Amino acid sequence: MARTILVVDDEPPILQTLSGILQDEGFEVLTAQDGETALKVVEEETPDLVFLDIALPGMDGLEVLRHLKEQQPLTPVVMISAFGSVENAVKATRWGAYDFIEKPPHADKIIVTVRNALEMSRLTEENLQLRQRAVHPQEIIGQSPAMQQLREQVRIVAPTNAWVLITGENGTGKELVAWAIHRFSKRAAKPFVEVNCAAIPEDLIESELFGHEKGAFTGATAKRRGKFDQAHEGTLFLDEIADMSLKTQAKVLRILQEQRFERVGGNRPIQVDVRVVAATNKNLEELIGQGQFREDLYYRINVIPIAVPPLKERTEDIPLLIEYFLKEFARADASRPKIMTPEAVDILRRQPWPGNVRELKNFVHRLAILTPGRVIDAPHLPDNLRQEKPRTESESHFLQINSFKEARSRFEKEFIRRKLVEFQGNVGLTAEAIGLERSHLYKKIRSYGLEHGREGEEVNDGG
C-alpha cells in the first residue's frame with residue numbers, strides 16, 4: 001500500500017509542485033490550505049509524513065506543528081518556508097519537526113528528505129516494537145512431544161500471511177502462541193494489537209474494533225482509531241472470539257473479505273492490511289450448531305488451526321516451567337532466583353492444575369514470595385498438597401487413557417492377570433471365582449497375552 005503524505009500550504013503553485021514530485025515517486029498525496037483543515041485531515045487519514053508551511057492563514061505553521069505532535073507524535077513533519085530564519089528553524093526543531101526546507105522546493109531535496117524521514121519513522125516504530133518484545137513473554141516452554149509439535153507448527157505458519165485459529169483451555173498460553181506467530185512473521189516490526197473480546201462490553205466492542213467518529217454515540221467526544229486501524233500492516237489478535245455478538249461477527253467477516261471498514265458513526269471506507277490471529281476456549285462448531293457463531297466467519301479464520309495442549313497432557317514440562325517462572329520472578333525483582341527441590345517439584349507434577357500454566361505460574365509466584373529462604377522444599381507447600389496420597393503407577397497409567405473402550409480393555413487385562421496370580425495360574429479356579437466360562441477365559445488370556453499367571457509360571461486348567 002502506498003505511503004500517504006500531507007502537504008499543507010496556502011499557495012496553490014506550491015501544492016501543485018510538491019504533489020507532482022511526490023506522486024511521481026509513488027506516494028499518495030493529500031493537501032490542505034490552512035492549519036485547521038490540516039489537523040482534521042491528520043485526524044481522519046493518519047498520513048505517514050507531513051510537509052507544513054510556516055506562514056499559513058489563521059493558525060500559523062508552528063502552532064499547527066505543536067498540535068500535530070500532540071495528536072500524532074510519531075508522524076515526521078517537515079517545515080517549509082520562503083523566509084528561512086534561524087529562529088523559526090530552532091523553534092520548529094524544538095517542537096518536534098524533522099527538518100526545515102526553503103521555498104521554492106527542489107525535487108532532489110524533497111525526495112531525499114522524504115526518504116530519510118520515512119526511514120527514521122520506520123526505525124522509531126521498530127524500536128518501539130523491540131521494546132514491546134522486551135516486556136512480552138518470549139518463549140514457548142516445554143520439551144514434551146506436544147510442545148515440540150506446537151513449536152514446529154508456529155515455525156511453519158508464522159512466515160505466511162495465513163489467518164490462524166488457536167484453540168485451547170483457559171490458561172494454556174494461547175496469547176503466547178499468537179505472539180510467537182507475530183514475532184516470527186514478516187510483520188514482526190509492525191504492531192501486535194490484542195483485543196480480549198470477552199472483556200469488552202457488548203455495546204462498546206464495535207467502537208473498540210473499528211473506532212468511532214466524534215458524536216457517534218453518547219460519550220464519543222472525539223474521534224478514535226480502532227484496533228483494526230492500529231494494527232495496520234501488523235497482527236490483530238482477537239482473543240476469545242466466540243464472545244463476539246453475531247452483529248459484530250458479520251462486520252469482522254466483511255473486513256476480512258474486503259480489507260476495509262467504516263468507523264462507528266462514519267461512512268468513509270478505510271483501507272487496512274492486517275493479519276488476524278483468533279483464539280477461543282470454546283467449541284466453535286458446537287456454537288455454529290446452536291446459532292451463536294457464524295459458519296462463514298469460522299471457515300474464514302480457521303485457515304490454520306492450532307490446538308494448545310492442556311498442562312495435564314504435558315506434565316513432564318512442569319519442572320521446566322517452574323524453573324523458568326522462578327528465574328522470571330527473580331529478574332523482575334532484581335534478585336537471585338529461588339530453587340525448588342525435586343521433592344517439591346514432584347508434588348506439583350502430581351496436581352491436576354485445571355487452570356493450566358496460568359494457575360501454575362501464579363502458584364509458583366506465591367511460593368517464591370512466601371518462602372523465606374532461597375530453597376523451596378516440600379514442607380513449604382500447602383498441607384493439602386503434601387498430604388495427598390501419591391498416585392500408584394497403575395493409577396497414573398489409567399489417567400493417560402482417553403477412551404472408555406481402551407480403559408475397559410486395560411482394566412479387564414489387569415483384573416484377569418491379578419486373579420490368575422491369586423489362583424497360581426489355575427484357569428478353572430479363576431474362571432469359577434470370577435464367574436466366567438473356562439473357554440471364554442482362555443480366549444481372554446490368549447488375546448491379552450497372559451499365558452503366565454505370575455512371573456515364570458504358566459497357566460493351567462487345574463485338572
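**Working chat on a predicted model**

Q: Leaving aside its neighbours within four places in sequence, which residues is glutamine 259 in contact with?
A: In this predicted model, glutamine 259 is in contact with Trp163, Arg254, Ile270, Gln271, Val272, Asp273 and Val274, once neighbours within four places in sequence are left aside.

Q: And where is glutamine 259 found?
A: Glutamine 259 sits in the loop between α10 (246-258) and β11 (260-261).

Q: Does it count as buried or exposed, and why?
A: Glutamine 259 counts as buried because its relative accessibility is 18%, and the limit for that class is under 20%.

Q: Stepping back, how many helices and strands does the protein chain have?
A: The protein chain has 20 helices and 18 strands.

Q: What share of the residues is buried?
A: Of the 463 residues in the protein chain, 43% are buried.

Q: What about the accessible surface of the chain?
A: The accessible surface is about 24,600 Å². Carbon and sulfur atoms contribute 51% of that surface.

Q: Among contacts with a separation of 6 or more, what percentage comes from residues 24 or more positions apart?
A: Such pairs account for 69% of those contacts in the protein chain.

Q: Which residues lie closest to its centre?
A: The lining of this pocket has 26 residues, and the closest to the centre are Gly171, Thr172, Gly173, Leu176 and Val357.

Q: Which elements give two or more residues to that lining?
A: Those elements are α6 (145-157), α7 (174-183), α13 (318-333) and α15 (356-370).

Q: How do the lining residues divide into nonpolar, polar and charged?
A: The lining of the second largest pocket has 12 nonpolar, 5 polar and 9 charged residues.

Q: On to the backbone. Which form, cis or trans, does the peptide bond from lysine 103 to proline 104 take?
A: The bond from lysine 103 to proline 104 is cis, and its omega is near -5°. Proline 104 belongs to the loop between β5 (99-102) and α5 (107-135).

Q: What is phi for glutamate 233?
A: Glutamate 233 is not a glycine, yet its phi is positive, at about 70°. This residue is placed in the loop between α9 (227-230) and β10 (235-239). With 24% relative accessibility, glutamate 233 counts as partly exposed.

Q: And phi of alanine 334?
A: Alanine 334, also a residue other than glycine, has a positive phi near 55°. Alanine 334 lies in the loop between α13 and β15 (339-340).

Q: Is alanine 334 buried or exposed, and why?
A: Alanine 334 is exposed, because its relative accessible area is 75%, where exposed means over 50%.

Q: Now alanine 433: where is its place?
A: Alanine 433 is in helix α19 (residues 427-434). With a relative accessible area of 46%, alanine 433 is partly exposed.

Q: What separates the C-alpha atoms of alanine 433 and phenylalanine 423?
A: Those two C-alpha atoms are 9.2 Å apart, and the residues are 10 residues apart along the chain.

Q: Last topic, confidence. What is the mean pLDDT of the protein chain?
A: The mean pLDDT is 84, and 88% of the residues reach 70 or more.

Q: Where does pLDDT stay under 50?
A: It stays under 50 over residues 453-457. For that stretch the model has 11 contacts beyond four places in sequence.

Definitions and conventions: Residues numbered from 1 in each chain as written. Predicted model: local features only at pLDDT ≥ 70, side-chain atom pairs only at ≥ 80, totals over all residues. Heavy atoms only, no water. Helix = DSSP H or I, 4+ residues; strand = E, 2+ residues; numbered from the N terminus. Buried < 20%, exposed > 50% of the residue type's maximum accessible area, 1.4 Å probe, protein only. Contact = heavy atoms within 4.5 Å. Areas by Shrake-Rupley, 256 points an atom, 1.4 Å probe, with all protein chains shown as cover. 1 Å grid on protein atoms, 1.4 Å probe; cavity = no way out; pocket = protein on both sides within 12 Å on 5 of 7 lines; lining within 4 Å. Nonpolar A, V, L, I, M, F, W, Y, C, P; charged D, E, K, R; others polar. pLDDT = per-residue confidence, 0-100.
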